[in-house]
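Colleague: Could you walk me through this one? I would like to go through the cross-links, the charged pairs and one of the helices.

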Amino acid sequence: MRRHLVAAISLSAGGLGTPAALAQQESFPITENFDSYPVGVFPCVGAACAGPNGWSIWYLGGTPGAIVSGNAHSGANAFQITAGSDVVQTGNVTSGEWTLRAYTFVPAAATGTGYFIVMHAYNGVPAAPDRWAIQIQFNATTNSVVNFNNSAVLAPLIRDQWVELRAEVNLTSNTYDVFYGGNQVITGLTYATAGTPGIACLDLYGETTTGMLFDTVSVQPAGPAACYANCDNSTQAPVLNVADFGCFLTRYAAGEAYANCDESTQPPVLNVADFGCFLTKYAAGCP
C-alpha cells in the first residue's frame, strides 16, 4: 500500500524534498453527509487541490472520487471512491476524547481494497514526518475488514448495506477502540506509536477498489464534551449562545447530517421539526 511506502521515504531537505506545508484547514469537528455538493467529481482535481469545506486531495498525489445519488445513508448523496481516490480532511486536534465515524457501503460486485485512515501528523502538521495512527482496510477481495497496521483480520466484510465504522480515540491515554457493524473489533491499542498524539488528517482512500461508498462522516468530541446544542463547539462560557443558532442555520442550509436533530429517516429528513428539536436541546443546556 502506498501509505507505508511514502512513510518510509526520506523527505528531508537533502533527499527528495518536501513540498511546502499546505495551509491546513482547522476543520475538526466536522459532520458531513455530502448532500450540499453536486453529483460528479469530488472534491477537486489535482494533487493537493483544495475543494469545498476543507476537503482536498492528498498533498503528494491521488485522484478524486465522486458524489453520487440514489444510494445514501442519510439524505440523497454519498461519496464514492475509485481506484486511486485519496480524499482528505485536515485539522490539528491535540487533546481530549474524540469519535470518528463513517458509514460504509460495499457493493456485492466490488473487489479490491478501500481504507478509512486517521493520521496524527500530516504534511508537517504538527510536525514532519507524516504518521499513520488508524488504518482500517475494507478488503472486498478476501471479504474481510483488516487492521492494516498489524494485518489482523477484524471481522467479515458486510456487503450491500450501510455499516457503521466508528473509532473512539483517547488522546490523553493515547489509545483507541474501533467498532464495525455495532461490534467492537479493536480494544485499547496504542494510537500514536511515535510523536505526539493528535488528529491531523482523516483520509478516505481507494487503493484498488471501485464503487465503495462513504456517507455520514464525522469527527466529533466524545463523551461529556459532546453537546449537540453547542453547534460551534465553543469552549468559552457560556458555551451556548446566539452563535449556535447561526451555526445550526448554516449547517441546515448546507444539508449536513448534523442538522437532522430529530434523526428522522423519512424524506425530507431536514425539515421544520429539526428547528423545534434544536430549540429543545438548547433549552436543556449542556452537561
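Colleague: What is the torsion about the S-S bond of C261 and C277, and is the disulfide left-handed or right-handed?

Modeller: The torsion there is about -65°, so the disulfide of C261 and C277 is left-handed. Before going further, please keep in mind that this is a predicted model, in which local features need pLDDT of at least 70 and side-chain atom pairs count only at pLDDT 80 or more, while totals for chains, interfaces and linings use all residues. Residues are numbered from 1 along each chain as its sequence is written, and side-chain values use heavy atoms, with hydrogens and water left out.

Colleague: How far apart are the sulfur atoms of C261 and C277?

Modeller: They lie 2.0 Å apart, where a disulfide is taken as a pair of cysteine sulfur atoms within 2.5 Å. The pair links distant parts of the chain, with C261 in the loop between α2 and α3 (272-284) and C277 in helix α3, 16 residues apart. Helices here are DSSP runs of H or I with at least four residues, strands are runs of E with at least two, and both are numbered from the N terminus.

Colleague: Is C261 buried or exposed?

Modeller: C261 counts as buried, at 8% relative accessibility, and C277 is buried as well, with a relative accessible area of 15%. Buried means under 20% relative accessible area, exposed means over 50%, and partly exposed is in between, using a 1.4 Å probe and protein chains only.

Colleague: How many disulfides does the structure hold?

Modeller: The structure holds 3 disulfides. One of them joins C231 to C247, S to S 2.0 Å. This pair also links distant parts of the chain, C231 being in the loop between β16 (213-221) and α2 (242-253) and C247 in helix α2, 16 residues apart. The link of C231 and C247 is left-handed, with -65° about the S-S bond. C231 is buried at 3% relative accessibility, and C247 is buried at 16%.

Colleague: Let's switch to charges. How many salt bridges does a search of the whole structure find?

Modeller: The search finds 3 salt bridges, each defined as a side-chain nitrogen of Lys or Arg within 4 Å of a carboxyl oxygen of Asp or Glu.

Colleague: Which residues are linked in the network of salt bridges?

Modeller: The network links R101, E164, R166 and E168. E164 meets R101 at 2.6 Å, N to O, and that pair links distant parts of the chain, with E164 in strand β12 (residues 163-170) and R101 in strand β7 (residues 97-105), 63 residues apart. R166 meets E164 at 2.8 Å, N to O, and E168 forms a salt bridge with R166 in which the closest N and O atoms are 2.9 Å apart.

Colleague: Which of those side chains count as buried, and which as partly exposed?

Modeller: E164 counts as buried at 14% relative accessibility, and R166 is buried with a relative accessible area of 16%. R101 counts as partly exposed at 24% relative accessibility, and E168 is partly exposed with a relative accessible area of 24%.

Colleague: Back to α2, where C247 sits. Which residues of α2 are buried?

Modeller: The buried residues of α2 are D244, C247, F248 and R251. They cover an arc of only 100° around the axis, which puts them on the same side of α2; the arc is that of the directions from the helix axis to the C-beta atoms. On the other side of α2, V242, T250 and A253 are exposed.

Colleague: What covers the buried residues of α2?

Modeller: The cover includes β1 (30-32), β16 and α3, with contact meaning heavy atoms within 4.5 Å.
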